[in-house]
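I opened my notebook and the structure viewer side by side. These are my entries, in the order I looked things up.

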Amino acid sequence: DQAKLVTHALAKDTLSQIRDVETEQVGFRKGLVKLGRICGYEIIDGAMETEYVPVETPLTETTGERVKGLDDVVIINVLRAATPFVEGLLKAFPRAKQGVISAGRDEEAGMDEEGAFPISVDYKKLPEITDDDTVVVADPMLATGSTMCTVLEHVLEAAIEDPEDLFVLSAVSAPEGLVRVNEEYPEADLLTVSIDDELNEEGFIVPGLGDAGDRSFR
Ligand code: PRP
């Protein structure tokens, strides 16, 4: 699918704060947490239904609503930059199962002629995925899309059945990366707060926000 934008005003506000080079580690990390929460709410709003449930208030019985499917959510944390982003998502999906995968670009190898990086996967622990599940693969940066394609390969390998929904969620994306993921995994719904202008020669998103892992962790 074509990428969809998270258009909530607070998402744009928060992303702008973390783009700012003056935003230090704590502010950057908190911004990513906040962004994760907002994106989680947006996923719920756009993709999940509610059902009517009886509620007893202190005064009377009435009918309320409950979001369906919140017990069948799997969040994949792509180490390391996704960790604060996932912390925010968990506020929207508190009962989610979590998968962890460490996937990193081999920066020394550089980009190949197709604009992709070799990716090494050093660790993974993924939960069982079934056709009841809404899977959210979270990584704040989608640059060349090489990391995400590798992660999706592992996630779908771990799935017993195709998940009901598969979201690729990022804060900032490059057009090239979205095209790559969409071509390789057309079944995934791409969701991002911003589609930036381009990738530079080193494969960094411009204007971007720098290195999200470094800015969060040191
Ligand atoms: C960054 C980012 C993504 C990846 C995106 O991670 O968090 O995982 O690069 O690039 P791609 O779309 O071109 O593959 P990095 O490899 O710097 O690791 P880190 O999160 O541990 O800093």
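**Strand pairing around β7**

I started with strand β4 (residues 73-79) and β7, which pair in the parallel sense over five bridges. For the record, two strands pair if DSSP finds at least two bridges between them. Helices (H or I, at least four residues) and strands (E, at least two) are DSSP runs, numbered from the N terminus. I then looked up Ile 76, and its bridge partner in β7 is Val 137.

Before going on, I noted that this is a predicted model: local features need pLDDT of at least 70, side-chain atom pairs count only at pLDDT 80 or more, and totals for chains, interfaces and linings use all residues. Residues are numbered from 1 along each chain as its sequence is written.

Next I checked strand β9 (residues 165-173), which is joined to β7 by five bridges and runs parallel to β7. Here Thr 134 has Asp 165 in β9 as its bridge partner.

I went back to β4 and found that β4 and β5 pair in the parallel sense over six bridges. Ile 76 turns up again, this time opposite Gly 99 in β5. Gly 104 stands opposite Ser 120 in β6.

**How covered is β7?**

How many residues of strand β7 (residues 134-138) are buried? I got five of five, so by the cut-off the strand is mostly covered. A residue is buried if 20 or more other C-beta atoms lie within 10 Å of its own, exposed if 12 or fewer, and partly exposed in between, with C-beta atoms placed from the backbone.

I remembered from class that in a regular strand the side chains alternate between the two faces of the sheet.

**The nonpolar core**

Which residues touch the most other members of the largest nonpolar core? Of its 56 residues, they are Ile 75, Ile 76, Val 136, Val 137 and Ala 138. The largest share of this core, seven residues, comes from α2. A nonpolar core here is a set of buried Ala, Val, Leu, Ile, Met, Phe, Trp, Tyr and Cys residues joined through C-beta atoms within 7 Å.

Not counting residues up to four places away in sequence, Ile 75 touches Val 86, Leu 89, Phe 93, Ala 96, Gln 98, Val 136 and Ala 138. Two residues are in contact if their C-beta atoms, placed from the backbone, lie within 7 Å.

Helix α3 (residues 82-92) is mostly covered, with eight of its 11 residues buried. Those buried residues pack against α2 (25-47), β4, β7, β9 and α6.

I picked out Pro 84, which is found in α3. Why does Pro 84 count as buried? Because 22 other C-beta atoms lie within 10 Å. Leaving aside neighbours within four places in sequence, Pro 84 is in contact with Arg 29, Leu 32, Val 33 and Ser 216. I also checked Asp 139: it is 55 residues from Pro 84 along the chain, and their C-alpha atoms are separated by 9.9 Å.

**Two cis bonds**

A cis peptide bond joins Leu 79 and Arg 80, with omega about 0°. Arg 80 is in the loop between β4 and α3. I found another cis bond between Val 206 and Pro 207, again with omega about 0°. Pro 207 lies in the loop between β12 (205-206) and α6.

**Around the ligand**

Of the 21 residues around the ligand, Ala 81, Ala 143, Thr 144, Thr 147 and Gly 213 come nearest. A residue is near a molecule or strand if its C-beta atom, placed from the backbone, lies within 6 Å of it. Which element gives the largest share of this shell? That is α4, with three residues.

**The whole protein**

Last, I zoomed out and counted six helices and 12 strands in the protein. Of its 218 residues, 42% count as buried. The C-alpha atoms fill a box of roughly 65 × 40 × 30 Å, taken along the principal axes.
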